[in-house]
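Have the sequence and the 3D view ready.

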Amino acid sequence: MLDKTLLPAVFALLCSSGLVASAPLDETWYQPRDSPVASLFHKRYTPSPSDANFTSNYPAGSSTPPSSSLPASWLAKLASITMPNVSVSQPNNGYPQYPGGESGADQTICSFTYACTTEDDLYNPPAGVVALSFDDGPTPASIELYDYLIANNVSDKATHFMIGSNVMYNPTQFQAALDNGGHIAVHTWSHPYMTSLTNEQVLGELGWTMQVISDLNGGRLPKFWRPPFGDVDNRVRAIAKGVFGLETVVWNQDSGDWAIGHDPQYTNSSVNAMMSGWLTGSKSPGLLILEHEVNPNDIGVFMTNYPLMMSNGWSVKTVADAFSMDWYQNSADNKASVTTMSVGSGQLASNSSSSTSASASSSASTSVSSSASGSTSMTSTSSSSGTQASTSASSAAQGAANTGAAGVRYTLESCLWVGMAGLVGALLL
Ligand SMILES: [Zn+2]
């Protein structure tokens with residue numbers, strides 16, 4: 001017969017050996033079972049890019065994730081938020097068209113393509129600050145950029161707005177950006193015109209990109225996203241912020257680096273001339289320039305102009321640092337611990353405003369009148385409404401929430417309770 005004094009040790013051995021708790025404990029990912037994070041982005045296990053079936057964890061290919069790929073928790077959260085009355089657009093040469101001839105500049109719609117921004121959009125950094133950002137990575141060309149950033153000690157001062165499918169297909173470059181200290185943000189799964197997508201399609205584009213980034217970054221959930229082509233309106237903003245808690249980042253200058261080799265109006269010299277004009281010009285507001293990490297041309301534009309940022313005394317920061325915000329929704333940066341938080345606010349700012357300093361797509365020049373007064377800050381309403389919305393989503397999607405990270409946590413708790421029971425049992429015997 002087993003000595004009763006050995007029972008706690010036996011239970012401890014069973015726990016540590018996995019015979020009681022067979023699920024692996026992932027030290028980088030800890031969220032309580034009732035956390036909205038667990039309900040929206042539970043971790044099934046730690047996907048590794050070296051696994052042969054790594055891509056099978058995500059939607060196939062580089063197209064908009066199908067509705068069949070959407071977790072019930074995302075759909076429930078979408079159903080819980082208040083949506084503005086804005087229709088799906090039809091893209092027309094980059095200019096979204098709305099049914100009934102409504103203008104994208106209308107305050108209800110507030111399309112950035114028509115130079116409309118809300119007070120929650122991020123595009124004007126503080127004076128003297130360049131909020132450094134690169135879109136469309138990671139790509140095979142990214143490494144040249146990363147090496148340059150390292151050589152100039154600014155690799156931890158750049159935000160990379162990444163395409164989710166690119167992350168899935170180029171995990172080595174993703175890891176390099178992360179290892180270099182880069183700040184990772186969302187640039188959708190397949191780079192579509194977001195205002196032309198249905199609500200569920202918007203959900204898939206944002207959610208799956210957040211999922212793959214958080215999977216490969218210790219559960220850190222992106223806090224910022226940038227709409228491809230700057231195509232965003234109040235409907236898309238509402239989903240980004242309300243369901244996923246994402247801040248919308250646009251820009252106040254478009255380098256046009258993306259057009260070199262595609263549009264004869266944009267050459268290396270013409271783009272460099274624009275860049276040098278901004279970098280040697282006014283420092284107020286700061287600069288948030290649209291730049292890319294797709295090919296040697298656009299990377300070369302940055303490398304040519306970076307010395308000007310230094311010689312003209314600009315302070316280079318990530319987008320998050322430029323606006324004095326945490327890098328991720330549940331972590332201060334790439335190294336800080338992952339904490340509990342509430343995803344999504346459920347609210348869109350009540351009023352939108354326009355800005356002449358924000359520059360939408362280079363050819364979009366329609367101006368709209370400003371009416372920035374009386375707006376309600378989305379940030380100020382986020383915590384209370386976010387909790388309510390998250391709670392209803394959690395209960396609606398309880399089944400989905402009780403797996404993954406929650407499951408790991410659950411087995412750990414079970415193990416501890418079994419151990420305690422063993423101790424009590426030993427004392428009573
Ligand atoms: Zn892009």
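## Before we start

This is a predicted model, where local features need pLDDT of at least 70, side-chain atom pairs count only at pLDDT 80 or more, and totals for chains, interfaces and linings use all residues. Residues are numbered from 1 along each chain as its sequence is written. Helices (H or I, at least four residues) and strands (E, at least two) are DSSP runs, numbered from the N terminus.

Let's begin with α10, which covers residues 296–311 and has 16 residues. From first C-alpha to last it reaches 24 Å, close to the 22 Å expected at 1.5 Å a residue (the expected span is 1.5 Å times one less than the number of residues). There's a bend of about 30° at N305, with a proline, P307, following within four residues. A bend here is the angle between axes fitted to the seven residues ending at a residue and the seven starting there. After α10 comes G313, whose phi is positive, near 75°.

Which residues of α10 are buried? They are D298, I299, V301, F302, N305, Y306 and M309. (Buried means 20 or more other C-beta atoms within 10 Å of a residue's own; exposed means 12 or fewer, and partly exposed is in between, with C-beta atoms placed from the backbone.) The cover over these residues includes β4 (129–131), α4 (142–151), α9 (268–279) and β12 (315–317).

## α4 against α10

α4 packs on α10 at an angle of about 15°, their axes 9 Å apart. (Axes are lines fitted to C-alpha atoms, for helices over the stretch in contact, and angles run from 0 to 180 degrees between N-to-C directions.) The two helices are therefore roughly parallel (under 35 degrees; over 145 is roughly antiparallel, 65 to 115 roughly perpendicular, and the rest oblique).

On the α4 side, E144, L145 and Y148 meet P296, I299, F302 and M303 of α10. Residues are in contact if their C-beta atoms, placed from the backbone, lie within 7 Å.

Now for α8 (residues 234–244): eleven of its eleven residues are buried. Just after α8, G245 takes a positive phi of about 70°.

The axes of α7 (residues 199–215) and α8 come within 10 Å and cross at roughly 50°. That makes α7 oblique to α8. Among the residues that meet there are L203 and L206 in α7, and V236 and I239 in α8.

Methods. Contact = placed C-beta atoms within 7 Å.
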